[in-house]
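Visitor: I would like to learn how to read a strand, a sheet and a helix pair in a model. Please take one feature at a time.

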Amino acid sequence: MSTPTNMTGNHADAVAMPPEYIIFGQSRHMQQIRQKVEKVACADIPILIQGESGTGKEVIAKFIHSISSWAGGPLVKVNCPAIPGTLLESELFGYERGAFTGAYGSKPGRMELADRGTLFLDEISELEIGLQAKLLQFLQDGRFCRIGAKEDTQVEARVICA
């Protein structure tokens with residue numbers, strides 16, 4: 001099997017290689033996976049990526065974002081287990097001034113930051129049940145309510161979970 005080269009033929013310049021060669025290689029099985037990934041990237045639906053730890057789920061999420069219609073917007077990553085459950089809701093959905101002690105101003109959540117882009121929720125299984133319900137509501141109608149807000153916020157974002 002030959003090594004892919006850049007336009008000048010220099011094997012040492014791996015930066016010039018298309019990302020799909022780096023991610024998927026040349027095997028038939030990996031090419032089939034790439035075709036599936038490209039199909040779901042074109043569909044305007046939430047995506048769940050499953051796999052063992054260290055198998056490249058985040059790399060696949062970045063690839064999907066980069067070839068999708070959402071690529072012009074931001075890719076916002078949330079590592080769910082890294083944020084304590086009590087803070088995760090405010091981190092995802094944001095909050096209004098006075099919503100809780102220490103909320104001296106309004107803060108947009110990661111959902112809002114991902115508007116017109118992609119929200120990548122890593123280790124989604126770590127979300128508490130109540131937060132899962134709020135996320136499901138967002139997936140159904142694209143709306144959520146900041147903590148302490150009286151009105152819903154509308155956001156257009158693709159959600160990729162791992």
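Guide: Keep in mind that this is a predicted model. Start with strand S5: Thr118, Phe120 and Asp122 point one way from it, Leu119 and Leu121 point the other way, and all are buried.

Visitor: What is the general idea behind side chains that alternate?

Guide: In a regular strand, side chains alternate between the two faces of the sheet. In S5, one set consists of Thr118, Phe120 and Asp122, and the other of Leu119 and Leu121.

Visitor: Why is S5 described as largely enclosed by the rest of the structure?

Guide: Buried here means under 20% relative accessible area. Five of the five residues of S5, residues 118-122, are buried, so the strand is largely enclosed by the rest of the structure.

Visitor: Which strands make up the open sheet, and in what order?

Guide: Strands of a sheet pair through backbone hydrogen bonds, either parallel or antiparallel. Here four strands form an open sheet in the order S1-S8-S5-S2, and the pairing is parallel. S1 (47-48) and S2 are the edge strands, each pairing on one side only.

Visitor: How many bridges join S2 and S5?

Guide: Five bridges join S5 to S2, residues 75-79, in the parallel sense. Asparagine 79 is opposite aspartate 122 of S5.

Visitor: Which residues of S8 are the bridge partners of threonine 118 and leucine 121?

Guide: Threonine 118 has arginine 158 as its partner, and leucine 121 has cysteine 161. S8 covers residues 158-161 and pairs with S5 over four bridges, again in the parallel sense.

Visitor: Which strands of the sheet does H3 touch?

Guide: H3 packs on the sheet and touches S1, S2, S5 and S8. The direction of H3 makes about 170 degrees with that of S5.

Visitor: At what angle do H2 and H3 pack?

Guide: H2 (residues 28-42) and H3 (residues 57-67) pack at about 55 degrees, and their axes are 9 Å apart. That angle makes H2 oblique to H3. The crossing of H2 past H3 is right-handed.

Visitor: Which residues meet where H2 and H3 are in contact?

Guide: From H2 come Val37, Glu38, Val40 and Ala41, which meet Ile60, Phe63, Ile64 and Ile67 of H3. By class, the residues of this contact between H2 and H3 are seven nonpolar, no polar and one charged.

Technical notes. Residues are numbered from 1 along each chain as its sequence is written. This is a predicted model: local features need pLDDT of at least 70, side-chain atom pairs count only at pLDDT 80 or more; totals for chains, interfaces and linings use all residues. Side-chain values use heavy atoms; hydrogens and water are left out. Buried means under 20% relative accessible area, exposed over 50%, partly exposed in between (1.4 Å probe, protein chains only). Helices (H or I, at least four residues) and strands (E, at least two) are DSSP runs, numbered from the N terminus. Two strands pair if DSSP finds at least two bridges between them. Axes are lines fitted to C-alpha atoms, for helices over the stretch in contact, and angles run from 0 to 180 degrees between N-to-C directions. Angles under 35 degrees count as roughly parallel, over 145 as roughly antiparallel, 65 to 115 as roughly perpendicular and the rest as oblique. A crossing is left-handed if the near helix is turned anticlockwise from the far one by less than a right angle, and right-handed if clockwise. Contact means heavy atoms within 4.5 Å. Ala, Val, Leu, Ile, Met, Phe, Trp, Tyr, Cys and Pro count as nonpolar, Asp, Glu, Lys and Arg as charged, and the others, Gly among them, as polar.
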